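I opened this model to look up a few annotated positions, the ligand shell and the nonpolar cores. My entries follow.

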Amino acid sequence: MESHMQAKVSPRRESSNRRLHRLWGPCVGHVITTRFSSVIAIIGACTFCLVLFNLRDTGVPSAPVHPEGIDGFRYVESGRRALQQVRAVNTYRNDTVAVLSTTNKMRRTLPNVIIIGARKAGTRALLEYLGIHPQVVSASREIHFFSDEENYARGMRWYQAQMPLSAPGQLTLEKTPNYLISNVTPERVHRMNSSVLLLLTLRHPVTRAISDYTQILANRNGRGQASKDFATLALHGRTGEVNQAYKPVYISTYHLHLARWLKLFPLAQIHIIDGDRLITEPLEELRAVETFLGLEHFFTSDTVYFNATRGFHCMRRPVNGSFVDSCLGASKGRSHPHVEQAVRTKLSQYFYKHNQILFNMIGRSFDWT
Ligand SMILES: Nc1ncnc2c1ncn2[C@@H]1O[C@H](COP(=O)(O)OS(=O)(=O)O)[C@@H](OP(=O)(O)O)[C@H]1O
């Protein structure tokens with residue numbers, strides 16, 4: 001066969017082949033001596049190029065690829081593109097650390113979205129609303145992983161095991177309002193996943209502080225402990241000045257806490273929800289959250305509706321193919337104790353300058369007069 005094919009080679013080509021043979025050695029010369037060998041050489045060269053192409057450094061691991069075809073992306077800090085890439089990275093990372101459950105394709109993943117606070121600003125309502133979205137699963141209880149030393153010492157596997165099962169493509173959501181004010185949490189969250197998406201609900205600082213006090217009061221009453229009134233705790237008795245160290249006041253000084261997060265996370269990665277509007281206009285706030293998370297629009301007045309008996313919005317939760325009405329428990333939406341207008345004014349004046357710092361920080365303002 002080989003000698004037959006060689007017989008068809010022209011004398012001119014034969015002499016050039018002999019030159020090549022002399023130059024590149026017997027091996028190369030032999031390969032290109034015949035047309036058949038040339039075709040083999042071209043195929044070989046193409047295969048070699050393909051291998052080189054696949055081995056190139058793309059900056060992201062080449063496997064595993066997300067079942068929906070989403071591969072890892074580099075995170076670029078700019079607007080919408082950044083968020084799209086953040087989502088892709090989240091999906092990718094969670095797939096790589098997924099603990100496969102016994103249920104086919106369902107798994108527990110580390111959260112790709114965290115509600116970091118603020119306490120008493122509607123975090124539970126936000127979690128429960130998002131929990132009925134088909135593309136979201138949420139951990140029902142507060143995990144306190146990053147902010148609690150004992151829990152943090154249990155490790156990332158433990159944290160992951162606290163998450164609900166999710167299908168590929170679903171986001172996993174956790175909420176622990178204490179994360180906002182915890183000094184150690186931003187750095188720990190960042191170490192877990194620098195691309196995690198953060199949700200932060202903010203409420204009028206005075207209303208939030210009174211709501212916080214109401215919660216503490218209810219807990220103390222439940223334990224049979226006596227309590228001072230709000231004004232006594234929030235203002236210094238002798239001077240009448242605001243007691244900045246009183247925790248409900250301190251928590252409402254939002255910029256102090258957010259500044260720690262912004263040292264590590266770009267603002268584009270933190271979506272701020274107006275907690276007051278979440279009470280009155282939840283659909284608008286939820287639609288903005290859907291857009292931020294890249295979810296399909298699911299919430300309508302059918303799924304989130306005002307319940308006149310409850311005095312708050314409630315939701316229709318999908319259960320076994322039908323919808324079940326569901327409102328938050330009695331610990332949400334408690335009536336607040338009376339606080340004198342003079343005390344409210346004093347606090348509003350105190351918060352004014354802090355609010356301005358916050359508004360500059362986030363490029364957005366709230367009507368917190
Ligand atoms: N739909 C609906 N139903 C009931 N309550 C609602 C709802 N949406 C927002 N809120 C407001 O949420 C406030 C409680 O905030 P949190 O869930 O963040 O509290 S907690 O920190 O988890 O204890 C709670 O504050 P208070 O009214 O002071 O109790 C509510 O006003």
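The cut-offs on C-beta atoms placed from the backbone are: buried with 20 or more others within 10 Å, exposed with 12 or fewer, partly exposed in between. I located Arg 334 in the loop between β11 (322-326) and α15 (341-362). Leaving aside neighbours within four places in sequence, Arg 334 is in contact with Thr 214 and Ala 218; contact means C-beta atoms, placed from the backbone, within 7 Å.

I noted that this is a predicted model, where local features need pLDDT of at least 70, side-chain atom pairs count only at pLDDT 80 or more, and totals for chains, interfaces and linings use all residues. Residues are numbered from 1 along each chain as its sequence is written.

I turned to Lys 120, in the loop between β3 (113-117) and α5 (123-131). Is Lys 120 buried or exposed? Lys 120 is buried, because 24 other C-beta atoms lie within 10 Å. Not counting residues up to four places away in sequence, Lys 120 touches Arg 208, Ser 211, Asp 212 and Gln 215.

I checked the record: the unreviewed UniProt entry lists positions under "binding site", including Lys 120, Ser 211 and Arg 334. UniProt positions are in the numbering used here, feature names are shortened, and annotations may be inferred rather than shown by experiment.

I then listed the ligand shell. Of its 19 residues, Thr 123, Arg 124, Ala 125, Ser 211 and Phe 312 come nearest; a residue is near if its C-beta atom, placed from the backbone, lies within 6 Å. Two or more residues come from each of α5, α9 (205-222), α13 (275-280) and β10 (312-319). The shell divides into seven nonpolar, seven polar and five charged residues (nonpolar: Ala, Val, Leu, Ile, Met, Phe, Trp, Tyr, Cys and Pro; charged: Asp, Glu, Lys and Arg; polar: the others, Gly among them).

Of its 44 residues, Leu 126 and Leu 173 touch the most other members; a core is a set of buried Ala, Val, Leu, Ile, Met, Phe, Trp, Tyr and Cys residues joined through C-beta atoms within 7 Å. The largest share of this core, five residues, comes from α5. Leaving aside neighbours within four places in sequence, Leu 126 is in contact with Ile 115, Leu 199, Thr 201, Ile 273 and Leu 278. A second, separate core of eleven residues includes Ala 209, Tyr 213, Ala 234 and Phe 351.

Key: Helices (H or I, at least four residues) and strands (E, at least two) are DSSP runs, numbered from the N terminus. Two residues are in contact if their C-beta atoms, placed from the backbone, lie within 7 Å.
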